[in-house]
Amino acid sequence: QELEKDYGIVQSQRFSKNLQWDWPNGWAPMQLRVVEGLIRYGYKQTARRIIKKWLACNIKVFAENGKLWEKYDVVKGRVGVPDRYPTQPGFGWTNATFLILTKILKSLEEVTPRQDLLRHPDASWLTKLALRY
């Protein structure tokens, strides 16, 4: 819960000196891994909430500047805080994660209680499923 912020999962707690992967940044591949883990262990509502936060951040920033970004400041809902180099626009993993999480969200919303697919021992099946559409 300490890592969940208004726009997704932050990569670390706040330190006196934060670096590339640290607070307040959230990175697309980590959001996807968190969602897959939550689903694997039956936390579908939490996964749904995290997906919606991350997608909202992507959409908000895209509406402001017309780009998806390498990372985002998930505390304030803006382009990620740079460290070693400027935050990169149009980053492939962000683009792919946006599409995958959109498909996962759709599949979560279509699942009925009698469908037990989310108990699959390998939650990465969701990523493979999303890539087929």
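In what order do the strands of the open sheet run, and is the pairing parallel or antiparallel? The order is 3-4-5, and the pairing is antiparallel. Two strands count as paired if DSSP finds at least two bridges between them.

A word on the source before we go on. This is a predicted model, where local features need pLDDT of at least 70, side-chain atom pairs count only at pLDDT 80 or more, and totals for chains, interfaces and linings use all residues. Residues are numbered from 1 along each chain as its sequence is written, and side-chain values use heavy atoms, with hydrogens and water left out.

Now the overview. The chain has 4 helices and 5 strands. Helices (H or I, at least four residues) and strands (E, at least two) are DSSP runs, numbered from the N terminus. Starting at that end, the elements run β-β-β-α-α-β-β-α-α. The chain has 133 residues, and 41% of them count as buried. Buried means under 20% relative accessible area, exposed means over 50%, and partly exposed lies in between, with a 1.4 Å probe and protein chains only. Next, contacts, meaning heavy atoms within 4.5 Å. Take those in the chain with a separation of 6 or more: residues 24 or more positions apart account for 52% of them.

Strand 3 is joined to strand 4 (residues 71-73) by 3 bridges, and the two run antiparallel. Gly26, for one, has Tyr72 in strand 4 as its bridge partner.

What packs on this sheet? Helix 2 (residues 44-65) does, touching strand 3, strand 4 and strand 5. The direction of helix 2 makes about 95° with that of strand 4. For such angles, axes are lines fitted to C-alpha atoms, for helices over the stretch in contact, and the angles run from 0 to 180 degrees between N-to-C directions.

Let's stay with helix 2. Its 22 residues should span 32 Å at 1.5 Å a residue, and its end C-alpha atoms are 32 Å apart, which agrees. The expected span is 1.5 Å times one less than the number of residues. Buried residues in helix 2 include Ala47, Ile50, Trp54, Cys57 and Val61. Just after the helix, Gly66 takes a positive phi of about 75°.

Next, the rings. The whole structure holds 3 aromatic pairs. The rings of Trp54 and Tyr72 have centres 5.3 Å apart and planes at 90°, so this pair is edge-to-face. The cut-offs: rings of Phe, Tyr and Trp (its six-membered ring) pair if their centres lie within 6.5 Å; planes under 30 degrees apart count as stacked, over 60 as edge-to-face, and the rest as tilted. Trp54 lies in helix 2 and Tyr72 in strand 4, so the pair ties together parts that are 18 residues apart in sequence. Trp54 is buried at 0% relative accessible area. Tyr72 is also at 0%, and counts as buried. Elsewhere, Trp27, Phe91 and Trp93 form one aromatic cluster.

On to the loop between helix 2 and strand 4, where Leu68 is found. Is Leu68 buried or exposed? At 18% relative accessibility, Leu68 counts as buried. Beyond four places in sequence, the residues Leu68 touches include Asn58, Phe62, Phe91 and Thr94.

Helix 1 (residues 28-40) is next. Its 13 residues should span 18 Å, and its end C-alpha atoms are 19 Å apart, which agrees. Among the buried residues of helix 1 are Leu32, Val35 and Ile39. Down the helix axis, the buried residues fall within an arc of 165°, so they line one face. That arc is taken from the directions from the axis to the C-beta atoms. Just after helix 1, Gly42 takes a positive phi of about 85°.

Last, helix 3 (residues 92-110). Its 19 residues should span 27 Å, and its end C-alpha atoms are 27 Å apart, which agrees. Buried residues here include Thr97, Ile100, Leu101, Ile104 and Leu108. They too line one face, because the buried residues of helix 3 fall within an arc of 160°. The face turned away from that buried side carries the exposed residues Leu99 and Glu110.

One more residue from helix 3: Leu105. Leu105 counts as buried, at 12% relative accessibility. What does Leu105 contact, leaving aside neighbours within four places in sequence? Arg48, Ile51, Lys52 and Leu55. Leu105 and Lys44 are 61 residues apart along the chain, and their C-alpha atoms are separated by 9.7 Å.
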